[in-house]
Every structure is written in C-alpha cells, then in structure tokens.
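Dear colleague,

Please find the structure below, handed over for your records. A summary of the findings follows it.

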Amino acid sequence: MLFKILQGDSSRISVDITPLHPGWCYFTQDDGRLYIDSADEDGSNPKRTCINPTLGGASKAVNGVLTKNGWVSGQQTLQVAGLKAEQNGIIGVAQSITDTQMEAAKGAEMYACRQVDGALTVACFGDAPQIDIPVVTILMD
C-alpha cells in the first residue's frame, strides 16, 4: 500500500533498464501511463503492469478509512463502492493524512491482499495501526 513512486520517460519502463521491484510505481511523463511492479506474496512471479493501457478510460477516487478497531489478525476489509473483483486500481493513503497517521501507516507496512466485488482486504507486515488511517482507492476503467 505504501509505494516507492518514480517519475520518468516511458523508455525507462523496460525491465532491461529498470529492474523489477515489487511495491514500486512508475508514472511516465511522456505518455501519461502508470505502471506498478508486483509479485506473489512469497516474492515469486514478479511482473510490471500498466494499469491504464488505453489512456482512454476514466478513473474514480473512492475515499475510505481503515479503522483502528477494524483489524482482525492483521487484516481489514474495506468496502469500496463500484470495485469489481478483476478491476485494476491502486490504494494509498489519502492526502488528508496527518503526520501521526502516516507514521502508523508506515510502521504497519500495509498491502492489498484480496479483492472481490465491492471490497478490498488490506493486510499488515508490521503492527496494525492503533489509529484510523484515511485511504483513497483509485478505480481504473
């Protein structure tokens, strides 16, 4: 969920130039595309995915809150209106996040681990936050 975000030209997206690093995002300024590096939970099957390949589609922001009391065994399911099970998108902390909330989110090392129609499950590598975390999910067409 917390990403290392890089910006540059699309020529740098080749894995021969920029190696795969799960959790990194690439915004290309020359063609406006967004790429995300990911892998299976055990680190296998790394891949770089363009989540807006047609550039003709729209995106929709859906705000939500990961509540401090919503964590069960280091996971929390967030209701996301309009989300489809196979839909591309991205979730991250909202712009309204405070410094205290950001520190808790960084310590939690959160990531999306499951997606179904209308809901996204977030899990923690670290300790579950003991404070509400505002998030925004960007749904891509």
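**Thr18 and the loop around it**

Thr18 lies in the loop that links strand E1 (4–8) to strand E2 (24–28); helices (H or I, at least four residues) and strands (E, at least two) are DSSP runs, numbered from the N terminus. The model is a predicted one, in which local features need pLDDT of at least 70 and side-chain atom pairs count only at pLDDT 80 or more, while totals for chains, interfaces and linings use all residues. Residues are numbered from 1 along each chain as its sequence is written, and side-chain values use heavy atoms, with hydrogens and water left out.

Thr18 counts as buried because its relative accessibility is 7%; buried means under 20% relative accessible area, exposed over 50%, and partly exposed in between (1.4 Å probe, protein chains only). Leaving aside residues up to four places away in sequence, Thr18 touches Arg12, Tyr26 and Arg48, a contact being heavy atoms within 4.5 Å.

**The chain as a whole**

The chain has one helix and 10 strands. Read from the N terminus, the order of elements is β-β-β-β-β-β-β-α-β-β-β. Along the principal axes, the C-alpha atoms fill a box of roughly 45 × 30 × 30 Å.

Of the 141 residues, 35% count as buried. Among contacts between residues at least 6 apart in sequence, 56% join residues at least 24 apart. The chain exposes about 8200 Å², and carbon and sulfur atoms supply 49% of this area; accessible areas come from the Shrake-Rupley method with a 1.4 Å probe, and for residues only the protein chains shown count as cover.

There are 10 positive and 16 negative side chains, and the centres of the two sets lie 3 Å apart. Lys and Arg count as positive and Asp and Glu as negative, whereas His and the chain ends are not counted. The place of each charge is taken as NZ of Lys, CZ of Arg, CG of Asp or CD of Glu.

**The E8–E9 hairpin**

Strand E8 (residues 110–116) and strand E9 (residues 119–124) run antiparallel and are joined by six bridges; two strands pair if DSSP finds at least two bridges between them. The two strands form a hairpin with two residues between them, and Gly118 in the turn has a positive phi of about 85°. Within this pairing, Ala112 stands opposite Val122 in E9.

Thr121 is in strand E9 and is buried, with a relative accessible area of 5%. Its contacts, not counting residues up to four places away in sequence, are Gln75, Gln76, Thr77, Tyr111, Ala112, Cys113 and Arg114. Tyr111 belongs to strand E8 and, at 19% relative accessibility, also counts as buried.

**Ile51**

Ile51 is placed in the loop between strand E4 (47–50) and strand E5 (59–66), and it counts as buried at 5% relative accessibility. Residues up to four places away in sequence aside, Ile51 touches Leu34, Ile36, Asn88, Gly89 and Met140. Ile51 and Gln87 are 36 residues apart in sequence, and their C-alpha atoms are 9.5 Å apart in space.

With kind regards
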